[in-house]
Amino acid sequence: RVPRCALSRLAALLGMRFRAGPVLVLTLSLFVREICTMAPAEREQMRLTVEEMFYHAFDGYMERAFPHDELRPISGGYTDALVELGAPAQPTRRGYSGVALTLIDSLDTLAVIGNASEFARGVRWVSENVDFDIDIDVSVFETTIRLLGGLLSAHMLANGTMVDGASHVRVAGYGGELLVLARDLGERLLGAFDGCEALPRAFVNLRDAKAKQASHQRLEQCSAGVGTLLLEFGVLSRLTGDPSFEHAALCALRLLWSKRSKFDLLGNTLDVRTGHWRNPTATIGAGVDSFYEYSLKAYLVFGKPELYAMWNASASAVEQHLRVGPWYGEADMHKGHRRAERVEFDALQAFWPALQVLAGELRPA
């Protein structure tokens with residue numbers, strides 16, 4: 001029997017309401033030993049610290065940058081950063097003044113923290129003011145994880161369709177407006193896909209993805225950019241009844257996985273046109289990181305055995321070929337060195353122990 005505190009953690013972690021399988025229940029049972037035996041005073045202090053940090057950032061944004069995309073924390077100014085994400089060579093700034101990116105990305109956190117009034121205010125503002133019919137080029141990866149994910153999680157919270165315990169953040173009079181926005185955005189992002197035999201493009205024009213290719217169209221795409229779409233696209237399909245979103249993301253993931261080396265390692269970047277590897281460096285860090293995260297989490301949410309097989313094989317390859325003591329390095333995906341060629345630690349590797357916990361691998365975590 002999984003304690004209620006574990007179930008609340010699951011809601012905050014996955015942000016979705018789908019039936020959990022036995023693997024997830026077992027993992028949570030192990031995870032809860034550490035979380036639910038922490039002293040109440042210590043838990044409360046940690047909660048208050050996280051809450052203070054969140055409001056420091058969120059209030060600063062709302063006071064100085066809203067409704068633009070992001071706050072510049074040093075100058076106190078703002079930037080309309082959606083067109084900058086993914087490092088395009090020439091961001092399409094003309095005529096773009098932001099879509100309140102930080103607000104959309106923060107809505108579900110407001111609900112998790114328990115600020116129902118601010119959450120409702122944000123939901124209503126986004127519903128009434130955001131429109132994605134904009135002639136700008138955006139990163140498919142960044143737009144998916146920040147905007148599409150933010151809209152979907154906020155919709156489920158506002159609509160009262162989350163797990164038990166979140167009914168207090170249901171927004172009175174809410175009519176599914178965020179889901180309408182999410183579907184509109186998802187349809188625009190589908191313009192980056194050209195069937196199951198081609199990798200999705202890294203950038204897409206939101207106004208007319210098919211007729212007008214992104215002005216800085218790039219032939220290089222990273223593994224994370226291909227493998228970090230299924231959670232949002234899959235949930236969008238289930239909420240709308242339109243399978244095209246999940247189909248596109250799953251095709252992309254399967255194609256990426258088919259290009260792994262004989263050691264079950266993925267490299268860093270590929271040529272979108274040819275499908276060949278440009279940078280064969282295997283790592284758990286930048287360029288590949290969230291492929292691992294999404295293969296496991298998508299399995300936990302959707303229950304597809306092939307997703308667990310991807311996670312299990314890729315994570316085993318990481319432990320065999322990239323781990324050096326407590327650290328993880330980089331190696332050529334085709335050589336399969338038992339010791340990484342270079343050992344280093346960067347910020348984008350910090351997720352790995354938490355992912356191991358989610359998989360039940362407590363000792364290595």
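Reader: How many bridges join strand β9 to β10, and do they run parallel or antiparallel?
Author: Strand β9 (residues 323–324) is joined to β10 by two bridges, and the strands run antiparallel. Strands here are DSSP runs (E, at least two residues), helices are DSSP runs (H or I, at least four residues), and both are numbered from the N terminus. Two strands pair if DSSP finds at least two bridges between them. Please note that this is a predicted model, in which local features need pLDDT of at least 70, side-chain atom pairs count only at pLDDT 80 or more, and totals for chains, interfaces and linings use all residues. Residues are numbered from 1 along each chain as its sequence is written, and side-chain values use heavy atoms, with hydrogens and water left out.

Reader: Which residue of β10 is the bridge partner of R323?
Author: The partner of R323 is Y328. The hairpin of β9 and β10 has two residues between the strands, and G325 takes a positive phi near 60° there.

Reader: Is β10 mostly covered or uncovered?
Author: Strand β10 (residues 327–332) is mostly covered, as five of its six residues are buried. Buried means under 20% relative accessible area, exposed over 50%, and partly exposed in between, with a 1.4 Å probe and protein chains only.

Reader: What else is joined to β10?
Author: Strand β8 (residues 281–282) is joined to β10 by two bridges, again antiparallel. There, A282 has A331 as its bridge partner.

Reader: Now the open sheet: what is its strand order?
Author: The order is β5-β6-β7, with antiparallel pairing. β5 (220–222) and β7 (277–279) stand at the edges with a single partner strand each, so one side of each has no neighbour in the sheet.

Reader: Let us turn to a helix. Which residues of α7 are buried?
Author: In α7, the buried residues are L178, L179, L181, A182, L185, G186, R188 and L189. Their cover includes α5 (116–129), α6 (140–158), β4 (203–205), α9 (230–240) and α10 (244–258).

Reader: Which residues does V126 touch?
Author: Leaving aside residues up to four places away in sequence, V126 touches L103, I104, L107, L151, L178 and L181. Contact means heavy atoms within 4.5 Å.

Reader: And N205, is it buried or exposed?
Author: N205 is buried, with a relative accessible area of 1%. This residue is found in strand β4, and its side chain reaches the backbone nitrogen of R207 at 3.0 Å.

Terms used
Polar contact = N/O pair within 3.5 Å; in protein donor to acceptor, adjacent residues only side chain to side chain.
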